[in-house]
Amino acid sequence: RQAIVVAVDGPGGAGKGTLCQLLAAEFGFALLDSGALYRLTALAAQRQGVDFDDEAALAQVAANLDVRFDAGEQGQGVTTWLQGEVVGNELRTEQTGGLASKVAALTPVRDALLQRQRDFAQVPGLVADGRDMGTVVFPEAALKIYLTAGAEERAQRRYLQLRDKGQLSDDELQGEGRNVTLARLLEEINLRDERDSNRAVAPLRPAKDAQIIDSTAMSIEEVKAAVVAFAKERG
Ligand code: C5P
């Protein structure tokens, strides 16, 4: 029996992470957060003092990445380990996202992570979250979703996510500070999307056979229901 792969791609802040956790629970599938692998490569490189212009050294970091993901209890989220240590809030910051998108633009880094991503596929199935799941890593995926949302909505969601994780200061939560923070997030997200979409290798784009969902005006439950409906259509 072969693993059934559900590939979910799209820009940052579209809600892929939450959606994929819900889908994995719904279908009883494993979960691949491929963005975390790029984020962890960037963090490991930073900790090891690797020069971000040294492609070969970065690829080496990616190849030797010692990571573990613990699913934990339902709703508790995933615990991530890097070289034997728990990675905290640092993993999800927009700063780490920016570094990740820099290392992710390098072919040797992507090559070093390719097989590791494919190894996540296991019976009965896998929900794979990323930018090139349907186009490069799992081109034979049974179901491909491209999840997007307007940039301002995505910045807003990132803001709420950071707030709920207690990662915003009082200044960032109130009055003008709130607007400044939202504007900064929007700028960072746009910059990252641009880099991810315009890179030569595995650029962010929907696979030809992807179902495109614009979630700007949808709740996460509505998005999940739409994907489950697509999955039923496919049997
Ligand atoms: O999804 P997340 O925000 O964690 O991804 C961080 C960065 O990693 C993205 O901006 C992108 O540059 C890179 N990435 C990628 N291919 C993937 C997943 C993430 O290039 N499959």
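**Note on the predicted model: pocket, sheet and cores**

1. In this predicted model, β1, α1 and α10 (220–234) each supply at least two residues of the lining of the second largest pocket. The largest share of that lining, four residues, comes from α10. The volume of the second largest pocket is about 250 Å³. Thirteen residues line this pocket, and the closest to its centre are Ile4, Phe27, Phe29, Ala231 and Gly235.

2. The sheet is open and has five strands, in the order β2-β6-β1-β7-β8, with parallel pairing. Its edges are formed by β2 (30–33) and β8 (211–214); each has a single partner strand, so one side of each is left without a neighbour in the sheet. On average, and with direction ignored, neighbouring strands of this sheet are turned by 20° against each other.

3. Strand β1 (residues 4–9) pairs with strand β7 (residues 143–148) in the parallel sense, over four bridges. Asp9 stands opposite Tyr146 in β7.

4. Two helices lie across strands of the sheet. Helix α1 (residues 16–27) lies across β1, β2, β6 (125–130) and β7, and runs at about 180° to β6. Helix α2 (residues 34–47) lies across β2 and β6, and its direction is at about 40° to β2.

5. The largest nonpolar core contains 33 residues, of which Leu65, Leu82 and Phe138 touch the most other members. At least two residues of this core come from each of β1, β2, α2, α3 (55–63), α4 (94–103), α5 (107–118), β6 and α6 (133–137). Helix α2 gives the most to this core, with seven residues. Apart from this core lies another, of 18 residues, among them Val6, Ala14, Cys20 and Ile213.

6. Which residues does Phe138 touch, not counting residues up to four places away in sequence? They are Val5, Leu32, Gln117, Arg118, Ala121, Leu126, Ala128, Met133 and Lys144.

7. Neighbours within four places in sequence left aside, Thr41 is in contact with Leu58, Val61, Ala62, Leu65, Val103, Val109 and Leu113. Among these contacts, Leu65 is also one of the residues that touch the most other members of the largest nonpolar core.

Conventions: Residues are numbered from 1 along each chain as its sequence is written. This is a predicted model: local features need pLDDT of at least 70, side-chain atom pairs count only at pLDDT 80 or more; totals for chains, interfaces and linings use all residues. Side-chain values use heavy atoms; hydrogens and water are left out. Two strands pair if DSSP finds at least two bridges between them. Axes are lines fitted to C-alpha atoms, for helices over the stretch in contact, and angles run from 0 to 180 degrees between N-to-C directions. Contact means heavy atoms within 4.5 Å. A nonpolar core is a set of buried Ala, Val, Leu, Ile, Met, Phe, Trp, Tyr and Cys residues joined through side-chain atoms within 4.5 Å. Buried means under 20% relative accessible area, exposed over 50%, partly exposed in between (1.4 Å probe, protein chains only). On a 1 Å grid over the protein atoms alone, a cavity is a set of points where a 1.4 Å probe fits but cannot get out, and a pocket is an open set with protein on both sides within 12 Å along at least five of seven lines; lining residues have an atom within 4 Å of a point. Grid points are joined across faces, edges and corners, and a volume is the space filled by probe spheres set on the points.
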